[in-house]
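Please take a look at the model shown here. A short briefing on its local geometry and packing follows.

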Amino acid sequence: MRFLVAITGASGSLYAQRLLDRLDPAEHEVHVILSQYAAQVISTELPDGLRLREGVLQHSLRSMNLPFASGSNPPDAMVVIPCSMGTLGRIAHGLSSDSLLRCADVMLKERKKLILVPRETPLSLVHVKNLELLILAGAQILPANPSYYTLPQTVEQVADTVVARVLDHLGVKHDLVARWQEEPE
Ligand SMILES: Cc1cc2nc3c(=O)[nH]c(=O)nc-3n(C[C@H](O)[C@H](O)[C@H](O)COP(=O)(O)O)c2cc1C
């Protein structure tokens, strides 16, 4: 499978890190792109910086020379994690003004899997209307809302409750978090 992981300047860089830790470049083609403000939040929230596994392909925001900028060559899925409300709004309105936004636009027009993991609170009506528009356009919205019924003990385990659902929707097998009412093997 070919995956594009886009990281923006919403809080929750750890979600992106934990997802990238679980996508094995030996098994999948893994591409990464950072929004204009992603690096600032990453430097605040991930003191050691973002770790990319060997084989992960990083793309520039400023060049359309990545395969997914064209509908002729989209990835199997694109995830925007965490997704700022700014990027979410720009995707909802088809701005396509940089390669991240263009790739998201391609995913929607080609009816491919686009997963957005927004993080904001509270939500304004603008946010809700943009979310509605994106759902109508075919995007999958997986808000960064952790769950607690598995009794997570660390910040990483809390983040993994969100990342596990993203992996489920990407179709990537994992044992990151116990499933509800699942018998341990
Ligand atoms: C420390 C920090 C945390 C932020 N957290 C959020 C957030 O959770 N959600 C959000 O929508 N924006 C958040 N922002 C604001 C975005 O970074 C800002 O709107 C930026 O323009 C988003 O740009 P981008 O979509 O190109 O990444 C945060 C900014 C900073 C500095």
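In which loop is Leu151 found? Leu151 sits in the loop between β6 (140–141) and α6. Helices (H or I, at least four residues) and strands (E, at least two) are DSSP runs, numbered from the N terminus. The model is predicted: local features need pLDDT of at least 70, side-chain atom pairs count only at pLDDT 80 or more, and totals for chains, interfaces and linings use all residues. Residues are numbered from 1 along each chain as its sequence is written.

**Ligand shell**

- The shell around the ligand has 17 residues, of which Thr8, Gly9, Ala10, Ser35 and Thr87 come nearest. A residue is near a molecule or strand if its C-beta atom, placed from the backbone, lies within 6 Å of it.
- By class, the shell holds five nonpolar, 10 polar and two charged residues. Ala, Val, Leu, Ile, Met, Phe, Trp, Tyr, Cys and Pro count as nonpolar; Asp, Glu, Lys and Arg count as charged; the others, Gly among them, count as polar.
- Helices α2 (38–45) and α3 (85–92) each supply at least two residues of this shell. The largest share, four residues, comes from α2.

- Thr44 is in helix α2. Thr44 counts as exposed because it has 11 C-beta neighbours inside 10 Å. A residue is buried if 20 or more other C-beta atoms lie within 10 Å of its own, exposed if 12 or fewer, and partly exposed in between, with C-beta atoms placed from the backbone.
- Thr44 and Ser11 are 33 residues apart in sequence, and their C-alpha atoms are 9.4 Å apart in space.
- Ser43 and Ser63 are 20 residues apart in sequence but 23 Å apart in space, C-alpha to C-alpha.
- Ser63 lies in the loop between β3 (57–59) and β4. Ser63 is exposed because 10 other C-beta atoms lie within 10 Å.

**Helix α3 and its partners**

- The buried residues of α3 are Thr87, Leu88, Arg90, Ile91 and Ala92.
- These buried residues pack against β4 (77–83), α4 (99–109), β5 (113–118) and α5 (125–137). Two residues are in contact if their C-beta atoms, placed from the backbone, lie within 7 Å.
- Gly94 follows α3 and has a positive phi, near 65°.
- Ala92 and Ile135 are 43 residues apart along the chain, and their C-alpha atoms are separated by 9.3 Å. Ile135 is in helix α5.
- Why is Ile135 partly exposed? Ile135 is in this class because 13 other C-beta atoms lie within 10 Å.

**Contact of α1 with α6**

- The axes of α1 (residues 13–22) and α6 (residues 155–170) come within 9 Å and cross at roughly 65°. Axes are lines fitted to C-alpha atoms, for helices over the stretch in contact, and angles run from 0 to 180 degrees between N-to-C directions.
- The α1 side of the contact is made by Leu14, Tyr15, Arg18, Leu19 and Arg22. The α6 side is made by Val155, Glu156, Ala159, Asp160, Val162, Val163, Val166 and Leu167.
- By class, the contact of α1 with α6 has nine nonpolar, no polar and four charged residues.

**Nonpolar core**

- The largest nonpolar core has 50 residues. Val5, Tyr15, Leu19, Met78, Val79, Ile81 and Val117 touch the most other members. A nonpolar core is a set of buried Ala, Val, Leu, Ile, Met, Phe, Trp, Tyr and Cys residues joined through C-beta atoms within 7 Å.
- Val5 touches Ala16, Leu19, Leu20, Val30, Val32, Val79 and Ile81, not counting residues up to four places away in sequence.
- In soluble globular proteins, nonpolar side chains tend to be buried together.

**Backbone features to check**

- A cis peptide bond joins Ile81 and Pro82, with omega about -15°. Pro82 is in strand β4.
- The peptide bond from Thr121 to Pro122 is also cis. Its omega is near -5°. Pro122 lies in the loop between β5 and α5.
- Arg111 is not a glycine, yet its phi is positive, near 55°. Arg111 is in the loop between α4 and β5. Arg111 is exposed because 10 other C-beta atoms lie within 10 Å.
- Leu151 is not a glycine either, and its phi is positive at about 55°. Leu151 is exposed because 7 other C-beta atoms lie within 10 Å.
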